[in-house]
Amino acid sequence: MLHLVLFSVFGLICVAGAVNLLAQRHPINSALSLVVVMGALSAEYLLLGAEFVAAVQVIVYAGAIMVLFVFVIMLLNAGVEERTGGSRVALLFGVPGMLIGSLLVAWVLLHRSGTEAVSIGALPGPPRIIGWLLFHDFLLPFEVTSILVLIAIMGAVVLAAKPPSAAPPKREG
Amino acid sequence: MSIGTYILVSVIKIVIALFVLLTAVAYSVWLERKVVGHIQNRWGPTRVGPFGLLQPMADGVKFLFKEDLTPPHVYKPLYIAAPMIAVIFALTSIAVIPIGNVVTIAGLEIPLQITDVNIGLLIVLGITSLGVYGVALAGWSSNSKYSLLGGLRASAQMVSYEIALGLSLIGVLIMSGSFSLRAIVESQGGHFWGFIPRWNIFTGQIVGFFIYLIAAYAETNRIPFDLPEAETELVAGYHTEYSAMKFAMFFMAEYANMITVACLATLLFFGGWHGPIFGPAILQALLPVFWFVAKVFVFLFIYIWVRGTLPRFRYDQLMAFGWKFLLPLAIANLVVTALVVAIRA
Amino acid sequence: MVPLAYYLLLGAILFACGVTGFLIKRNIITIFMSIELMLNGVNLTFVAFAAHWHALSGQVFVFFVMVVAAAEAAVGLAIIIAVYRTRETLNVDQVNLLKL
């Protein structure tokens, strides 16, 4: 019972944040609603017992990636979005289309799934076991993602650096 | 204990902890003004009450009665929300900080901690990461160039030093084997050779401690890393356009962050509440709290001492220091600690 | 006891909101945020199934998804900054010519 109540509360916050992201016209409001979604998702992970994932979600996603988004919005001084012809068409077809699609998925999930249920805090294990898995069964993906992050760092630094000025230095005299 | 009792005890603990924390914030302002004053060969506050002890009350009354003006060109929702965000996240991290052993009051076993999560250290790191939002949003929503620059610089600095902070804490984590703050403190009990306590700073985390301290000074935007809010540089940085109570909230957030950092340093490196314990049962329950508070006080004093003594870094020097020196040093500390622990096991 | 389908439904709703945002928004940064929302929906599905089958590898996959999302966000935002420098606009409808 408590599990259902908590799940519904945080689920509603998630969905409200997601819908707010779509409804807001200024990107900073969308970014902050996304932070709220991530916080509520972290609470959902806690309900499932994945405490380490919940903490990492807050530290990495809400505390680093979204800060990066907020920085870029502040730096580029992004303003309110204007409506163009293309966006009106997309609104007209996209929103009802997605509503129909998600209703279909919801119907399938709720009617065909049987009686599987998840109890509160279902996942076993302290973070030690996750570390074990990361370094034994998933060692190759772990090393590959570290190379991926290195490539991403180099790429981001190169892409965002100011281009060198094209004018040759003036000569005196 | 039943869930009703648990909730009641938790609410009482929260009320007491918040009250103590807010009083500590107010009096750490007093302590800073006195200590910095004496370092600079002047008295500090002396008029209001004996030794100026009522100065925080006077400051509070002043902030309450000051005119709370909102400049016309600010982005209102975020302008009002940013100080609230800063204060909320500064005060939340007290929830996982243990100040003493488990005491038995009226037959109930109550740990002196609002909640003992087994990922306590990660929660503190997460809350510190979220605290960047208060600064960044304050700087942006004020719609003025000093604020924006100050806000961007401050948040970039906080994000950069968070990495070194986290890595220095992993050394402690490897040595204690658990994320739970209570378990980390309990693994520091006992003595070597009878009198040297088995604190983490003596069992090899000295480099980690210094990295933590430097990174924490940068995280809380204190001298020598306080360029984003220094008066001579950027007027007042991200809180230029704030007045009265909202400014007081940023102030409170900064000092509450300082206190959290000092608490974490004692818990992780200096044995938390371990110290000589003697006497009857009531003393045995209170002495750990006393040792904890004493160690936190020593750290606050060091914070203020550094503030009164060192000059500040220029911004590019600050960022270069964080990325090019502190981060490799923290990684080296982590590797050496891991090697030693693995070889010993 | 919450049925597994509810968690999957929540993940699906988040994913659907992400796709809708990707389709209807014109600001490149908001489109990017919708991609992050989609990734979060998928993460929730991973963790829900991991809890259902008591297999911790679902959680480990979530870490990989997060790392990839972080790398993608970094590079993507750098690209956005580079595009903004040349095109002076963040509206994707106006970045429709190969040459300025």
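Domain bounds here come from an automatic or database domain assignment. On that basis, chain A is divided into domain 1 (1-79) and domain 2 (125-160), and the C-alpha centres of domain 1 of chain A and domain 2 of chain A lie 23 Å apart.

## Basis of the model

This is a predicted model, in which local features need pLDDT of at least 70 and side-chain atom pairs count only at pLDDT 80 or more, while totals for chains, interfaces and linings use all residues. Residues are numbered from 1 along each chain as its sequence is written, and chains are lettered from A and ligands numbered from 1 in the order in which they are written.

## Contact between chains A and C

Two residues are in contact if their C-beta atoms, placed from the backbone, lie within 7 Å. Two pairs of chains touch, and the most contacts are between chains A and C. To this contact chain A contributes 73 residues and chain C contributes 61 residues. Helices (H or I, at least four residues) and strands (E, at least two) are DSSP runs, numbered from the N terminus. On the side of chain A that touches chain C, the elements giving two or more residues are α1 (2-23), α2 (27-48), α3 (51-76), α4 (85-112), β1 (117-118), α5 (127-136) and α6 (139-160) of chain A. The most comes from α4(A), with 13 residues.

For residue classes, Ala, Val, Leu, Ile, Met, Phe, Trp, Tyr, Cys and Pro count as nonpolar, Asp, Glu, Lys and Arg as charged, and the others, Gly among them, as polar. The side of chain A that touches chain C divides into 54 nonpolar, 15 polar and four charged residues. Strand pairing also links these two chains: β1(A) and strand β1 (residues 2-3) of chain C pair in the antiparallel sense over two bridges, where pairing requires that DSSP finds at least two bridges between the strands. Within this pair, C:Val2 of β1(C) is the bridge partner of A:Val118.

## Contact between chains B and A

Here the contact takes 16 residues from chain B and 14 residues from chain A. The elements of chain B that give two or more residues to the side touching chain A are α4, α5 and α6 (145-176). Of these, α4(B) gives the most, with six residues. By class, this side of chain B has twelve nonpolar, four polar and no charged residues. Chain B and chain C, by contrast, do not touch, and their nearest C-alpha atoms are 14 Å apart.

## Helix α3 of chain B

Helix α3 (residues 76-92) of chain B has 17 residues and reaches 25 Å from its first C-alpha to its last. This is close to the 24 Å expected at 1.5 Å a residue, the expected span being 1.5 Å times one less than the number of residues. The helix α3(B) bends by about 30° at B:Ala82, and the proline B:Pro83 follows within four residues. The bend at a residue is the angle between axes fitted to the seven residues ending there and the seven starting there.

A residue is buried if 20 or more other C-beta atoms lie within 10 Å of its own, exposed if 12 or fewer, and partly exposed in between, with C-beta atoms placed from the backbone. The buried residues of α3(B) include B:Leu78, B:Tyr79, B:Ala82, B:Pro83, B:Ile85 and B:Phe89. What covers the buried residues of α3(B) includes α1 (3-39), α4 (120-130), α5 (132-141) and α10 (244-269) of chain B.

## The hairpin of chain B

Strand β1 (residues 102-105) of chain B and strand β2 (residues 108-111) of chain B run antiparallel and are joined by four bridges. B:Thr104 stands opposite B:Glu109 in β2(B). The hairpin has two residues between the strands, and B:Ala106 takes a positive phi near 55°.

## Individual residues

B:Asn41 lies in the loop between α1 and α2 (55-65) of chain B and has a phi near 65°, a positive value in a residue other than glycine. B:Asn41 is exposed because it has 6 other C-beta atoms within 10 Å. B:Trp43 is also placed in the loop between α1 and α2 of chain B; with 13 other C-beta atoms within 10 Å, B:Trp43 is partly exposed. The C-alpha atoms of B:Trp43 and B:Arg33, ten residues apart along the chain, are separated by 8.9 Å.

B:Asn221, in the loop between α8 (206-219) and α9 (231-234) of chain B, has a positive phi near 55°. B:Asn221 counts as buried because it has 25 C-beta neighbours inside 10 Å.
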